[in-house]
Amino acid sequence: MIDNGERPVEDGMELDFRTKMDYGSYLELERLLSAQRPISRPEHPDELLFIIAHQTTELWFKLLWHELLRVREYFDADDASRARKSLARVKHILRTLAEQWSVLNTLTPSEYLQLRGFLASASGFQSYQYRAVEFILGNKNADTLRVFEADPELHRRLTEVLDSDSVYDSFLGFLARRGHAVPAEIRNRDVRRSWTEREDLIPVFARIYDDSGSYWVEYAVCEDLVDLEDAFQLWRFRHLRTVRRTIGFKKGTGGSSGAAFLERALDLTFFPELYTVRTMIGS
């Protein structure tokens with residue numbers, strides 16, 4: 001047989017889709033691929049990159065939110081194995097999100113400046129999915145809801161997240177039901193408030209880490225949560241570095257201080273006790 005460099009169509013492969021669902025219709029590709037609508041005039045050749053990078057991020061945030069809801073549900077059901085499976089997926093999503101900044105980094109300052117004005121006041125700070133993820137991880141701030149007052153439905157959804165337990169709250173409930181001395185006032189706290197470090201939780205985690213053999217499930221989940229936070233912080237850091245290399249220290253399009261605003265986010269932590277306890281281990 002003469003090798004002409006072609007891969008032949010195999011017998012049995014579906015080729016006629018006049019009455020069958022195909023790949024494009026399942027994924028609704030016509031609708032998905034028509035959602036990139038550059039507004040720069042004349043159209044800037046790099047605006048498509050900018051739009052796709054952010055739309056892709058929102059798709060990953062949608063899956064991130066989906067998985068974090070499952071993590072919380074699994075903790076509430078005392079199903080640590082399934083919670084860990086979803087946490088593993090969350091970590092991979094966050095690593096993918098962090099790596100995506102490298103594509104946006106190919107947009108130089110002069111190129112971005114040419115299309116920045118067309119963004120007007122649009123900003124990633126206004127992403128309701130990102131805000132929902134921050135809320136379910138415990139970084140809650142009721143003031144940020146004002147951004148969504150123009151859309152009552154989004155405002156309602158985020159208010160529900162603000163009023164519900166975080167992943168960490170559910171994990172602490174899981175620990176309490178397994179016999180760990182999580183203080184009752186923590187379990188009954190006002191969940192609308194952003195989580196801040198509680199010294200009375202440190203002995204709970206020190207006990208787990210000092211005897212990981214007896215508390216292997218709890219110990220493994222603690223490390224999963226640390227992995228999650230590290231991955232989230234890497235995403236935040238890559239965001240900061242991308243902004244710095246693209247606009248320096250200019251203000252953000254949404255009116256924030258830009259890089260300085262993002263840098264302050266690096267001081268936020270979802271699970272502070274899981275880092276503090278490392279100083280206590282073995283003491």
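Buried means under 20% relative accessible area, exposed over 50%, and partly exposed is what lies in between, using a 1.4 Å probe and protein chains only. Keep that handy for the tour.

This is a predicted model, where local features need pLDDT of at least 70 and side-chain atom pairs count only at pLDDT 80 or more, while totals for chains, interfaces and linings use all residues. Numbering starts from 1 along each chain as its sequence is written, and side-chain values use heavy atoms, with hydrogens and water left out.

**Whole chain, as cartoon.** You'll see 13 helices and zero strands; helices are DSSP runs of H or I with at least four residues, strands runs of E with at least two, numbered from the N terminus. The C-alpha trace spans about 65 × 55 × 40 Å along its principal axes.

**Color by burial.** Of the 283 residues, 40% are buried.

**Surface on.** The accessible surface comes to about 16,600 Å², with 54% belonging to carbon and sulfur atoms (Shrake-Rupley method, 1.4 Å probe; for residues, only the protein chains shown count as cover).

**Select M21, Y23, Y26 and L27.** These form a nonpolar surface patch with about 520 Å² of accessible area together. Patch residues have over 30% relative accessible area and no salt bridge, with nonpolar side chains (Val, Leu, Ile, Met, Phe, Trp, Tyr) joined within 5 Å and like charges within 9 Å; a salt bridge puts a side-chain nitrogen of Lys or Arg within 4 Å of a carboxyl oxygen of Asp or Glu.

**Zoom to Y26.** Y26 is in helix α1, residues 23–26. Is Y26 buried or exposed? Its relative accessibility is 59%, so Y26 counts as exposed.
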